[in-house]
Amino acid sequence: MVTENNPLVALSNAMADAVERASAFTVLVDARRRIPASGIAYAANLVLTADHIIEREDEIQVLLPDGSQVSAILVGRDSGNDLALLRLKKPGLVPAEPAAHPARVGQLAIAVGRPSSEGIQASLGVVSAIGGPARTGQGGLLEQYLRTDTVPYPGFSGGPLIDSSGRVLGLNTSGLAQGVALTIPAALAWKIAGVLAEHGSVRRGYLGIRSQPVDLAAQQRKALSREQNVGLLLVHVEDESPAAKGGLLVGDILVGLNGEPVSDPDQLLARLVGEIVGKPAPVEILRGGQRQTIPVTIGERK
Amino acid sequence: MIELTTSLAEATSNVVRRVQRSLVVLHNGRQGVGAGIIWSNNNPNKHSGRTLILTNYHVIAHGRRLRAELEDGAEYPARLLAQAPEFDLALLEIDKGDLPAALIADSRSLRVGELVLAIGHPWGQRSAVTAGLVSGLSTAQTRDPDQSIEIIRSDVRLAPGSSGGPLINANGAVVGINTMILGGDQGIAVPSHVASAFVERALKGH
């Protein structure tokens, strides 16, 4: 037998250990007519899951890893990113731990789900690609997503994608892109969960501009003193909008928001989500060839 | 890291090589082939010079002139010793001794997430290997509504011709018999402890 110092056995044990660890924070969420789906323990009494599997807001049942069944209420949902947060009527969960580092292409990954009371299920693969931002079928904008070659078995939506140590790389869902399975990276999912826990919904910011991407001339790039070749030329500023009140003008080239570079409209939308809403944020522009930063109080899109 | 991946690759090919020697091709007088495993290199009830081969019932059902083809290409007529359609298992015997039997693991200690390899003849491709993990451990109902059977779900890719071949663990020991493909992307295997019990019952009956 090939047992001694067989690294394949070590790998196999590590994989089974990782699934066992994930099993402790992966729950079954029963909130639709078809087969149930999965969820991730976010806190002792909070479950993060996919929004599209919540078909009814009352009588949501959660099956915990220890086999007990607890009813849950909907805390908040963000259909744009296909995420929902549930609160258990009584706590009893071991919260999941997000991976310390973002996922890398080629990294070993295991999709885990609890689609039935028969126990945990898993599927092996690698992180195939990292993409985004992308507009979702629900009119949202996903800042970043992971693709893997794991098999998305029925009921896996809402469950975790884990690394070889059992930490969460992201939340799996087939509800964002016409049934194609994607994974929402853990950092993004946790950020949205935090917002849902606090506000019940994700606030989306509003500037009141129309823009188009333009290539930056050599002199403009020099004024920025960083590697950025494209900015957003403002072609319209709505009257009385946050942008107008802040003093943005048609002809300005928007190149950054809140200290982060912006070079396409999707990126701008992604940066206008969450905590930034309602607060003055530094908007970085090029005006007359000069770099300027103007504080604009971001409005809320209704 | 290069060292780790190299030693993983070496260990995988050693494990696969070990099991490939215990794999046979089963011809049932019709089109297509199935896989079988050299389960035991002697039938304790008979004199030596015989070998027991385990496969799926559906591989040999309705077949005439069963033949087992060994790794070196030699073919032997196979006799059906016992069958269990409810578990989709069949036990065959050939008149040839000294063949390498597969290692059999106790599938009762399997864990979800364990690495597994499937070896068979998908689409007739001899001794092809696919890798994955144990996706789930559950039970399924047999055709008898009062009877259920334990099953291993795995995400290894299977195809016609994989049937009857072994699902092995990282040690190269058989944990199940690959039996069915669900929805194209989930393999169902009969656990080795169920297969062992079937073989034991079959040999007592003879």
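## Accessibility and basis of the model

Buried here means under 20% relative accessible area, exposed means over 50%, and partly exposed lies in between, with a 1.4 Å probe and protein chains only. Asp106(B), with a relative accessible area of 39%, is therefore partly exposed.

This is a predicted model, in which local features need pLDDT of at least 70 and side-chain atom pairs count only at pLDDT 80 or more, whereas totals for chains, interfaces and linings use all residues. Residues are numbered from 1 along each chain as its sequence is written, chains are lettered from A and ligands numbered from 1 in the order in which they are written, and side-chain values use heavy atoms, with hydrogens and water left out.

## Chain B overall

Chain B has three helices and 13 strands, taken as DSSP runs numbered from the N terminus (helices H or I of at least four residues, strands E of at least two). Buried residues account for 56% of its 206 residues, and the C-alpha trace spans about 50 × 45 × 35 Å along its principal axes.

## The barrel and its helix

In chain B, six strands form a closed barrel in the order β8-β9-β10-β13-β12-β11, with antiparallel pairing (two strands pair if DSSP finds at least two bridges between them). Strands β10 (residues 148-154) and β13 (residues 186-191) of chain B are joined by three bridges, and Arg153(B) has Ile188(B) as its bridge partner in β13(B). Helix α3 (residues 192-204) of chain B packs on the sheet and touches β10, β12 (174-182) and β13 of that chain, where touching, or contact, means heavy atoms within 4.5 Å.

## Surroundings of Leu99(B)

Leu99(B) sits in the loop between β7 (89-94) and β8 (115-120) of chain B, and it is buried because its relative accessible area is 10%. Beyond its neighbours within four places in sequence, Leu99(B) is in contact with Ile38(B), Asn41(B), Thr51(B), Leu70(B) and Ile94(B).

## Salt bridges

Over all chains the structure holds 21 salt bridges, each a side-chain nitrogen of Lys or Arg within 4 Å of a carboxyl oxygen of Asp or Glu. In chain A, the side chains of Asp252(A) and Arg287(A) form one, at 2.7 Å from N to O; Asp252(A) is buried at 2% relative accessibility, whereas Arg287(A) is partly exposed at 25%.

In chain B, Asp106(B) meets Arg108(B) in a salt bridge of 3.1 Å, N to O, and Arg108(B) is exposed, with a relative accessible area of 63%. Arg50(B), Arg79(B), Glu93(B) and Asp95(B) are linked in a network of salt bridges.

Conventions. Axes fitted to C-alpha atoms, helices over the stretch in contact; angles between N-to-C directions.
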